Amino acid sequence: NDEIIQGLKEALNVGNGNAVTIANKIDGYFGNPLIKIPFPTEAEKIQTTLRSLGFGKLVDDAVLSLNRAAEDAAIKAKPIFINAITKLTISDGLSILNGDTVAATNYLHSKTFTDLKVAFKPDIQTSLDKVNATKYWGDVVSQYNKIPFVTPVNTDLSEYVTGKALEGLFFLVSKEEGKIRRDPVARVSDILK
């Protein structure tokens, strides 16, 4: 039981560390089509309309800035994941060990999502401001809302980016978990081997 828990904690630390490192670098989100944060769904008509009117760069800058904000905030996940991993019980460990291919990811999601959201949102807002996403988003929405006969759009950008950032991060965590479960090369320590 001690080896199971020690091995699972090691696997979770390695997998989550890799996921956070991938997400936290430049183009961690933006350069990965599987987790890239797109324009908000309810604002797709804004993107289409603005592109058709020659404001494509404005839209592109807004999308890039959303992803940069997520990349900046990703580092916040590390201590929250570590805290959840240190609280892993024997019962949790056995459930993860005998669970499906994303059992560890599901465990972490259930134990960390609320804390991650609370930690990410202010940083996402700060990052959105830092990379001018709030400005770009404001410019995009303002430009769109000036078009005659359109229904004005107002999306909570930090809430949207926070949700998408966490969705992408857990996607990366599940990929890392899959690697460790399947691939002996991904088991980088004696306990994992």
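A residue counts as buried when its relative accessible area is under 20%, as exposed when it is over 50%, and as partly exposed in between (1.4 Å probe, protein chains only). By that rule Asn16, at 5% relative accessibility, is buried. Keep in mind that this is a predicted model: local features need pLDDT of at least 70, side-chain atom pairs count only at pLDDT 80 or more, and totals for chains, interfaces and linings use all residues. Residues are numbered from 1 along each chain as its sequence is written, and side-chain values use heavy atoms, with hydrogens and water left out.

**The whole chain**

- The chain has eight helices and zero strands; here helices (H or I, at least four residues) and strands (E, at least two) are DSSP runs, numbered from the N terminus.
- Going along the sequence, you get the pattern α-α-α-α-α-α-α-α.
- Taken along the principal axes, the box filled by the C-alpha atoms is roughly 65 × 30 × 25 Å.
- Of the chain's 193 residues, 44% count as buried.
- Contact means heavy atoms within 4.5 Å. Take the contacts with a separation of 6 or more: 83% of them are between residues 24 or more positions apart.

**Helix 4 and its buried face**

- Which residues of helix 4 are buried? In this helix, which spans residues 77-86, they are Ala77, Ile80, Phe81, Ala84 and Ile85.
- Look down the axis of helix 4 and these buried residues fall within an arc of 135 degrees, so they line one face of the helix. The arc is that of the directions from the helix axis to the C-beta atoms.
- That buried set packs against helix 1 (2-24), helix 3 (56-73), helix 6 (103-130) and helix 8 (157-182).

**How helix 1 meets helix 4**

- The axes of helix 1 and helix 4 come within 10 Å and cross at roughly 170 degrees. Axes are lines fitted to C-alpha atoms, for helices over the stretch in contact, and angles run from 0 to 180 degrees between N-to-C directions.
- The two helices are therefore roughly antiparallel to each other. As for the cut-offs, angles under 35 degrees count as roughly parallel, over 145 as roughly antiparallel, 65 to 115 as roughly perpendicular and the rest as oblique.
- On the helix 1 side, the contact is made by Lys9, Leu12, Asn13, Asn16, Gly17 and Val20. On the helix 4 side, look for Ala77, Lys78, Phe81, Ile82, Ile85 and Thr86.
- Sorted by class, this contact has six nonpolar, four polar and two charged residues. Ala, Val, Leu, Ile, Met, Phe, Trp, Tyr, Cys and Pro count as nonpolar, Asp, Glu, Lys and Arg as charged, and the others, Gly among them, as polar.

**The largest nonpolar core**

- A nonpolar core is a set of buried Ala, Val, Leu, Ile, Met, Phe, Trp, Tyr and Cys residues joined through side-chain atoms within 4.5 Å.
- Of the 51 residues in the largest one, those touching the most other members are Phe39, Ile46, Phe81, Leu108, Phe120, Val161 and Leu169.
- Helix 1, helix 2 (44-52), helix 3, helix 4, helix 6, helix 7 (133-145) and helix 8 each give two or more residues to this core.
- Which helix gives the most to this core? That would be helix 8, with nine residues.

**Residues to find in helix 1**

- Asn16 is in helix 1. Not counting residues up to four places away in sequence, Asn16 touches Phe81, Ile85, Leu108 and Val173.
- Ile5 is also found in helix 1, and is buried, with a relative accessible area of 10%.
- Again skipping residues up to four places away in sequence, Ile5 touches Leu88, Thr89, Ile90 and Gly93.
- Ile5 and Ile85 are 80 residues apart along the chain, and their C-alpha atoms are separated by 9.7 Å.
- Is Glu3 buried or exposed? Glu3, in helix 1, is exposed, with a relative accessible area of 63%.

**Two partly exposed residues**

- Asp27 lies in the loop between helix 1 and helix 2, and is partly exposed, with a relative accessible area of 35%.
- Although Asp27 is not a glycine, it has a positive phi of about 70 degrees.
- His109 lies in helix 6 and is partly exposed, with a relative accessible area of 35%.
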